[in-house]
Amino acid sequence: MRQQMEEFLQRPDGKLSSSAFLRLDCAFHSFIAESSGNRFARGVLLAHQRLRLSTQKDHTIADFRLRQSLNEHLGILDSLERMQLQLAADQMVLHLRRSQIRKPQTVNRGILPLARGGSL
């Protein structure tokens, strides 16, 4: 996975495929889910990745964001390899927040968010 990400990053601007990025992105997040050690988190995250792959339209994503996201993935992998689990978790939170800011229209996929206080 690391090698595929690094090869993707070597491509020149304008030659980055959003669909190829989506496959790499989902593979990375699925890997994290599989490695989590939490069967509930694993199940939810894997289901979410399957949904993303089946419903994602061919959106054009800026080359800058594709590169930024893959560099974030590589940083998370580096931290995991060094057993810096808290750092990897913090990096993942930042990564997800950046992704959420980039495309807020897909965050809740049409589901109304819960009101503050836990009730509708």
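The model is predicted; local features need pLDDT of at least 70, side-chain atom pairs count only at pLDDT 80 or more, and totals for chains, interfaces and linings use all residues. Residues are numbered from 1 along each chain as its sequence is written, and side-chain values use heavy atoms, with hydrogens and water left out.

Confidence comes next. pLDDT is the predictor's confidence in each residue, on a scale from 0 to 100. The protein averages 80, and 80% of the residues score at least 70. Over residues 104–116 the pLDDT is below 50. Beyond near neighbours in sequence, this stretch has seven contacts in the model. A contact here means heavy atoms within 4.5 Å.

The protein contains five helices and zero strands. Its pattern along the sequence is α-α-α-α-α. Helices (H or I, at least four residues) and strands (E, at least two) are DSSP runs, numbered from the N terminus. Of the 120 residues, 32% count as buried. Buried means under 20% relative accessible area, exposed means over 50%, and partly exposed lies in between (1.4 Å probe, protein chains only). Among contacts between residues at least 6 apart in sequence, 65% join residues at least 24 apart.

The largest nonpolar core has 16 residues. Such a core is a set of buried Ala, Val, Leu, Ile, Met, Phe, Trp, Tyr and Cys residues joined through side-chain atoms within 4.5 Å. Those with the most contacts inside it are Met5, Phe8, Phe21, Phe28, Leu66 and Leu70. Helix H1 (2–10), helix H2 (18–35), H4 and helix H5 (85–102) each supply at least two residues of this core. H4 gives the most, with five residues. Phe28 touches Met1, Met5, His73, Ile76, Leu77 and Met92, leaving aside neighbours within four places in sequence.

Helix H4 spans residues 63–81 and has 19 residues. From its first C-alpha to its last it reaches 27 Å, close to the 27 Å expected at 1.5 Å a residue. The expected span is 1.5 Å times one less than the number of residues.

Two residues of H4 were examined in turn. Arg67 lies in this helix. Arg67 counts as buried because its relative accessibility is 19%. Its side chain makes a polar contact with the side chain of Asp13, at 3.0 Å. A polar contact is a pair of N or O atoms within 3.5 Å; within protein, one must be able to donate a hydrogen and the other to accept it, and residues adjacent in sequence count only if both atoms are side-chain atoms. Not counting residues up to four places away in sequence, Arg67 touches Leu9, Arg11, Pro12, Asp13 and Leu16.

Leu74 is also found in H4. At 9% relative accessibility, Leu74 is buried. Residues up to four places away aside, Leu74 touches Arg2, Met5, Glu6 and Leu9. Leu74 and Phe28 are 46 residues apart along the chain, and their C-alpha atoms are separated by 9.6 Å.

Just after H4 comes Met83, in the loop between H4 and H5. Met83 has a positive phi of about 60 degrees, although it is not a glycine. Met83 is exposed, with a relative accessible area of 60%.
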